[in-house]
Amino acid sequence: PDVRPQRGNVSAFDIVVKQQVAWARNRGLHPDVNGYLPDVLENMFVSLSAETEAAYRAAAGNELTDRDGERAKMRALHSSSALVCNAFEYWRTNLGAIARGLGIAESISKIQFEAQLPTGLRGTAPTLDLLLISSEELAWGVESKFTEPFQGRHRNQFAASYFASDAGLWHSRGLPECEVLARRLHSGDLAFAYLDAHQLLKHALGIRRKYRNGKLILLWHDPGTSESTDLEKEIQVFAEAIDATLGFRALSYHRVFDHLAQEEGSHDAYLDYVRSRYLAV
């Protein structure tokens, strides 16, 4: 039986934002009414490395800098970019811990935040939250979700150019089942309410174009509501529909933090931070 707490008609998004604001205020921080902090640094467990900061500044997401009257996205307490940085920037000098946390058996030689992997089509390339590189042929693309699945039905679509090739873009990269799923989504034969399947399929195409044996990982935050139960069901449908060779896995941040808690050494401050901030229900 599902023993998740009953939240009435309050949305998962509202629950997460309320939790984040409460966490911030308990730490003496001062978020505004929309859950934004005055400065990005206040949203970080550790300062971003020069390499990570450069990657975010080079990307098109306006994550670190206020611009044209818009606040930097990473000032938001509910920012998924802040979440992925708080989860993994601490371990930048211990890539083995990241691999173990994500259940990756192979060694990782390089980590990159905000990695753009072009699909081969025109336009802005999809941006992965995290890229973990093992070799010239093997890498894991990681997509991180915090509140995004719970903010309303996705409007992400495929342009017609994705299906202009007779051979099929996904099929040509060794992903025939992904090709079938993409065409079903494009035709409207299938739709997801919570999972951004279009984005994941674009990432699959991009990582397979760059890495012959590229794999895909979805990380998501579980607020413990009926909406997250529905998201889990959609993830399962997606996983069963795509090619097994893509090595797709979906992990909740709860599970990742449980794995990282097993790492040797003293990581109490990190674990206290992520547990109090992201695991409180």
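Where is Asp66 found? I looked it up and placed Asp66 in the loop between α2 and α3.

**Entry: ground rules**

I am working with a predicted model, so I noted that local features need pLDDT of at least 70, side-chain atom pairs count only at pLDDT 80 or more, and totals for chains, interfaces and linings use all residues. Residues are numbered from 1 along each chain as its sequence is written, and side-chain values use heavy atoms, with hydrogens and water left out.

**Entry: Asp66**

I checked the exposure of Asp66. Its relative accessible area is 45%, so Asp66 is partly exposed. My cut-offs: buried is under 20% relative accessible area, exposed is over 50%, and partly exposed lies in between, with a 1.4 Å probe and protein chains only. Next I listed its contacts (heavy atoms within 4.5 Å). Setting aside neighbours within four places in sequence, I found Asp66 in contact with Arg71, Ala72 and Arg75. I also looked at Asp39, 27 residues away along the chain from Asp66. Their C-alpha atoms are separated by 9.8 Å.

**Entry: positive phi**

Most residues other than glycine have a negative phi. I went looking for exceptions. Asp68 has a phi near 50 degrees, a positive value. I found Asp68 in the loop between α2 (50-58) and α3 (80-88). Asp68 counts as exposed because its relative accessibility is 77%.

Glu114 also has a positive phi, near 50 degrees. Is Glu114 buried or exposed? It is buried, with a relative accessible area of 11%. I located Glu114 in strand β1, residues 110-116.

**Entry: the whole chain**

I counted secondary structure next. The protein chain has 10 helices and 5 strands. These are DSSP runs numbered from the N terminus: helices are H or I with at least four residues, strands are E with at least two.

Then I took the overall dimensions. The C-alpha trace spans about 60 × 45 × 45 Å along its principal axes. For 281 residues a compact globule would have a radius of gyration near 19 Å, and the chain has 19 Å, so the two agree. That radius is taken over C-alpha atoms, and the globule rule is 2.2 Å times the number of residues to the power 0.38.

Buried residues make up 53% of the 281. I also checked contacts between residues at least 6 apart in sequence: 68% of them join residues at least 24 apart.

**Entry: aromatic rings**

How many aromatic pairs does a search of the whole structure find? I got 19. Rings of Phe, Tyr and Trp (its six-membered ring) pair if their centres lie within 6.5 Å; planes under 30 degrees apart count as stacked, over 60 as edge-to-face, and the rest as tilted.

I opened Tyr162 and Trp170. Their ring centres are 5.8 Å apart and their planes are at 20 degrees, so this pair is stacked. Both Tyr162 and Trp170 are buried.

Phe257 and Tyr278 are also a stacked pair, 6.4 Å centre to centre with 20 degrees between the planes. This pair links distant parts of the chain. Phe257 is in helix α9 (residues 253-260) and Tyr278 is in helix α10 (residues 268-278), 21 residues apart. Phe257 counts as buried because its relative accessibility is 1%. Tyr278 is buried, with a relative accessible area of 1%.

Last, I traced one aromatic cluster that holds Phe257 and Tyr278. Its other members include Trp23, Phe45, Tyr90 and Trp91.
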